[in-house]
Amino acid sequence: MNPSAIPDADAQQEAPRPLRVGIVGTGGISRAHLPGWTELGAQLHCFSLSGAEEFAAETGAVLHSTLEELLAAVDVVDVCTPTPEHPGVVRAALDAGKDVICEKPLALTGEEARELAEHAERVGRRLFPAHVVRYFPQYAAAKRAVDTGAVGELAVLRFERTGSLPDRSWYADEELSGGIVMDQMIHDIDQALWLAGPVSSVYAQQSVASSDAAVSTAHVVLTHRSGAISHCRGFWGPQGTRFRYTFELAGDGGLLQYDSAGDPGIVFDEVASARRGSGDGFLPDVSTLRDPYAAEIVEFAAALSTGAPTRVDAADGVAAVEISRAALESLRTGRSIAC
Amino acid sequence: MLTARQIDPTAPLKIALMSCAHTHAVGYAGLLEARADVDLVVADPDGYGDVRGVRVLPSYDAAWDAWPEGPDAIVVTSANAHHKDLVLEAARRGVHVLCEKPLATTLADAGAMVEACRDAGVVLMTAFPVHFAPEVTALRAAISDGSLGEVVGLTGTNNGKLPAGRDWFTDVELAGGGAMVDHTVHIAEILDSVFGPPATVHAVTNRILYAERAGEGAETGGLVTLTYDSGLIATIDCSWSQPADAPTWGGLRLQALGTGGQLQIDAFAQHVGGHDQWLPYGTNTDALLLDAFLDAVRAGEAVDPTGEVGLRTVAVVAAAQESVRTGQPVAVAEV
């Protein structure tokens, strides 16, 4: 919520023993979560259907051969599995009395996401959906400005997210990942909801290249109850596509614009760039930022000890899935969907 | 049926610029007046008085009668709702026409205008200057020569300030609507020139921006989403979302995404900047538009952007307006 919610070094030293985190699923995103846990001095535990040994070897995490064994050994669970496994792991962790961080999307359907949030409520544990974009400083700055009236009443919002299809096969299966809307664009749907509030209707279109199924784009238009309208544009581009994200927020009192392709403060010319590698197009380069993945983990962990609210909670995770599902329903029917 | 008048290739073209209601009238008048091959009169029946240094006449009749045999061509820069009467009168007289965009405020009017000019054998072109921008030419080329591979989606933004100095721009009766009428057609024309007409249109609008200054019922924000039979999708942000104190009026950007990569163009990017400074130095697309029109008049044959494409972009706007009314996408063929 605010910087003071982040524990300082003294608070860490007062902790009786390190926080024990169980990372379930050790694919790409679990690596992005590591710096946050490292910063907290957490003791790592891991369980995964594949790749757990490598992860344990890389990180020194305690390797568990079953989910039950991991749950018995940790304080908090960090769910980094493919999306279809989220609900089962989250339920098991909650039933074992653990607080849970779960990668987005919480679940593939609104009903299931809502059920998970209610489950957490029922057992009295916290459930944090890892909508990391709220922790990117550009979006956080825009949110603060909007909340303090810097651009007046929001009218037209545009969000773009560009990357390449993650190279793990389950992402390409829309049944498993929810496709570009549920996997990639959900970040910007969450931003639209965060900035402009609840949505009354959703219209979506998607186009997959007939010559290359890895290349696709989606457009989602949201009408907010406030009257504001939002356009989210997702793109999984051809191999070599650089990760890029932009937003433009127009209000009756001003305009906010951000483009990650703008000058980030460090610019290599073409000669120098050619001698260096570039990113994988799957996750954004956060090397010049306060690591947003670490920031979210640190805020979640702090909230567990203080009980403080976090800038994204289970209800937000549910809303993002519900609106994304409405977009999928619009794709299926060609109609605008009332929410 | 009348036929278009013969053009004397040795004489200056007799051009009447009809109305000073549109802010583009000043620019067109200056460019036309500077040409040795044009004899220009300007009708300013509303008495705006800001087109100067040219022969200004107080009525349309005076402009029609400025030469014994009448003008060879007219440039229509009246309020949108008045385009139709001027264009139909030109067709009746066998006079060629360059008409400001949007071609008309209703699909029926636009259709009648195109039909009348076709029947009369006169050139009808629609004033889409950005059609001639080198950035737009580059976009068309990159798509048609396959540089971008298979194009799957486009996003266009044509954002600007609320038009100032001419209240009719936000008067729904005279303009046909607000930002969606004013700003959808430029990008719709560019898309049409590459991909042909869309299959469906979905639109949402609001009036939060410039709410105190916009005319009653005029939308000031809008998102218009087009689909094509090929599967291609495109969205146009037509909002008047440029803040009033910005150093330039607005701009036009288009981003095309394909299997061969991405291209983004900004037709008004070329400028020298600085704190609160915006010194444009890009191509004068109004001059290129007038060149194309005058050549077309001499040849007796319209070139792009024609009246027909003006009509098709009015159809996109009509479908968008219907979509706003119904809340659902609308098939362009059914408007």
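Reply: B:Asp276 counts as exposed because it has 8 C-beta neighbours inside 10 Å (exposed means 12 or fewer other C-beta atoms within 10 Å, buried 20 or more, partly exposed in between, with C-beta atoms placed from the backbone). The model is predicted: local features require pLDDT of at least 70 and side-chain atom pairs pLDDT 80 or more, whereas totals for chains, interfaces and linings use all residues. Residues are numbered from 1 along each chain as written, and chains are lettered from A and ligands numbered from 1 in the order of writing.

The phi angle of B:Asp276 is near 60°, a positive value in a residue other than glycine. B:Asp276 sits in the loop that links β13 (271-274) and β14 (277-280) of chain B (helices, H or I, of at least four residues and strands, E, of at least two are DSSP runs numbered from the N terminus).

B:Tyr210, however, counts as buried, because 25 C-beta neighbours lie inside 10 Å.

Loops of chain B also hold cis peptide bonds. One joins B:Lys101 and B:Pro102, with omega about -15°; B:Pro102 belongs to the loop between β5 (96-100) and α4 (107-120) of chain B. Another joins B:Asp304 and B:Pro305, with omega about 0°, and B:Pro305 is in the loop between α8 (285-299) and α9 (307-326) of chain B.

Leaving aside residues up to four places away in sequence, B:Leu17 touches several residues, among them B:Tyr28, B:Leu32, B:Val42 and B:Val75 (contact means C-beta atoms, placed from the backbone, within 7 Å).

The contact between the chains takes 33 residues from chain A and 30 residues from chain B. On the side of chain A, β7 (154-164), β8 (199-208), β9 (216-224), β10 (229-237) and β12 (254-259) each supply at least two residues. By class, this side of chain A has 12 nonpolar, 15 polar and six charged residues (nonpolar: Ala, Val, Leu, Ile, Met, Phe, Trp, Tyr, Cys and Pro; charged: Asp, Glu, Lys and Arg; polar: the others, Gly among them).

Chain A also contains an open sheet of six strands with parallel pairing, in the order β3-β2-β1-β4-β5-β6 (strands pair if DSSP finds at least two bridges between them). β3 (62-63) and β6 (127-130) of chain A stand at its edges, each with a single partner strand, so one side of each lacks a neighbour in the sheet. Within the sheet, strands β1 (residues 20-24) and β2 (residues 43-47) of chain A run parallel and are joined by five bridges; A:Val24 has A:Phe47 as its bridge partner in β2(A).

Methods:
Two residues are in contact if their C-beta atoms, placed from the backbone, lie within 7 Å.
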